[in-house]
Amino acid sequence: MTEPPEASAEAAQPTPGARTGSAGAPGSDGPTSPTGSTGPTGSRSVTGRATAAGVIVSALLILAIVLGSRLLENFDSALLPYAVATVFLAFGVAYRYTVWVSAPGARRLFKQGWRSFFSVANFRKAPTALPRMIATYLGFQKFLGARSHARWAAHQLIFWGCVLAALITFPLTWGWFTFTSDSGSGPGYEMRIWGFKIIGFDSLDFLGWLMFHGLDIAAVLVIPGASYFLWRRMRDRGAITGQRFAYDLVPLIALIVISVTGLLLTFSSLFLHGGGYEFLAVLHMVSVVFTLIYIPFGKFFHIVQRPAAVGMQLFKYTARQDEEVFACRRCEEPIDTGPYVENLRGTMRDLSLDFDEWAEYCPRCKRVLRGSAYLSQVKKGYK
């Protein structure tokens, strides 16, 4: 590691403890709100846009339900609470997503991600980069394996179980999927999507068993994964220190309750001749509806945020392909890609944090400079 001469290093470094940037500069309107807008007017405009986005998305979903169920001909009224919950889910996701991308940092990353996604030059340089990142970052989440193999395995169980459950539950709830039988009670069934026949199957063979027990399979996947994380949050000192009941524990409990009550419904119908089925059905419905409404406003929202991170990963990957790596101004060790560092500096300027030059230093050098500032400017006052 090369160390630049002291004179040049000191000239290149910002004065520890000093604030640099645009604060107080001509044309500055003062500090901005967290959304990047000045004062309450900007906050109201973000709220208005988010509300409009939520209403539009909810209306589109209602229209899709009506049309996809053939003007509600295939819609099951018994599933109405689930359908209403998905409409609230659509509103909440659109509302919070709009608020999220209105913040300067998220907005910059969002734009850079889409710019990288639609870049023809990026596609020519790395045509397989995007599908590979979708598979490894979204599907198999390899970044979790670097932390713990057990956490990765548990997260995979939850992820694939929830994906399977969503692929089955949402279309059935909206009346897009229907299972019909000429005899009324099987064993021959037809699966239809939007009223069009897709496949015929016998409920007594293996394919038929999979069709009717897909949600049970999803529950079997989710229960051990959610139980592991719940156990870890009860035992791990590091997890206990910062956890919050409503944010960290409620989602895991909700997943377990949904999965267990779903399995008990199958157990009741197969072995108890329907005993306790009505109570279990109500309990299952309440837990599902609560979880769907909870998604936009709790920890589950990271499910919606995660795909946006793929665009940012693509942005950084393509910059590395061009060898645009930014080196620390003090120790000259690589920090990250040049465009990413500049993007971070721009976000700091948008937020009027006024220390954007510190983004040009590695974490170790930042600690060294903070220590030097303490020794030279703070501790000398305590003689």
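**Close-up views of a predicted model**

View 1. At a relative accessibility of 5%, Gln141 counts as buried (buried means under 20% relative accessible area, exposed over 50%, partly exposed in between, with a 1.4 Å probe and protein chains only). This is a predicted model, in which local features need pLDDT of at least 70 and side-chain atom pairs count only at pLDDT 80 or more, while totals for chains, interfaces and linings use all residues. Residues are numbered from 1 along each chain as its sequence is written, and side-chain values use heavy atoms, with hydrogens and water left out. Gln141 lies in the loop between helix 6 (129-139) and helix 7 (142-145); helices (H or I, at least four residues) and strands (E, at least two) are DSSP runs, numbered from the N terminus. The phi of Gln141 is positive, near 45°, in a residue other than glycine. Most residues other than glycine have a negative phi.

View 2. Three strands form an open sheet in the order 1-2-3, with antiparallel pairing (two strands pair if DSSP finds at least two bridges between them). Strand 1 (177-180) and strand 3 are the edge strands, each pairing on one side only. Neighbouring strands of this sheet are turned against each other by 25° on average, direction ignored.

View 3. Strand 2 (residues 188-193) pairs with strand 3 (residues 196-202) in the antiparallel sense, over six bridges. Gly188 has Asp202 in strand 3 as its bridge partner, and Arg192 has Lys197 in strand 3. The two strands form a hairpin with two residues between them.

View 4. Trp194 is found in the loop between strand 2 and strand 3. Although Trp194 is not a glycine, its phi is positive, at about 55°. With a relative accessible area of 43%, Trp194 is partly exposed.

**View 5. Helix 8 against helix 10.** Helix 8 (residues 149-174) and helix 10 (residues 214-235) pack at an angle of about 145°, and their axes are 8 Å apart. Axes are lines fitted to C-alpha atoms, for helices over the stretch in contact, and angles run from 0 to 180 degrees between N-to-C directions. The crossing of helix 8 and helix 10 is left-handed (the near helix is turned anticlockwise from the far one by less than a right angle; clockwise would be right-handed). By class, the contact of helix 8 with helix 10 has 18 nonpolar, five polar and two charged residues. Ala, Val, Leu, Ile, Met, Phe, Trp, Tyr, Cys and Pro count as nonpolar, Asp, Glu, Lys and Arg as charged, and the others, Gly among them, as polar.
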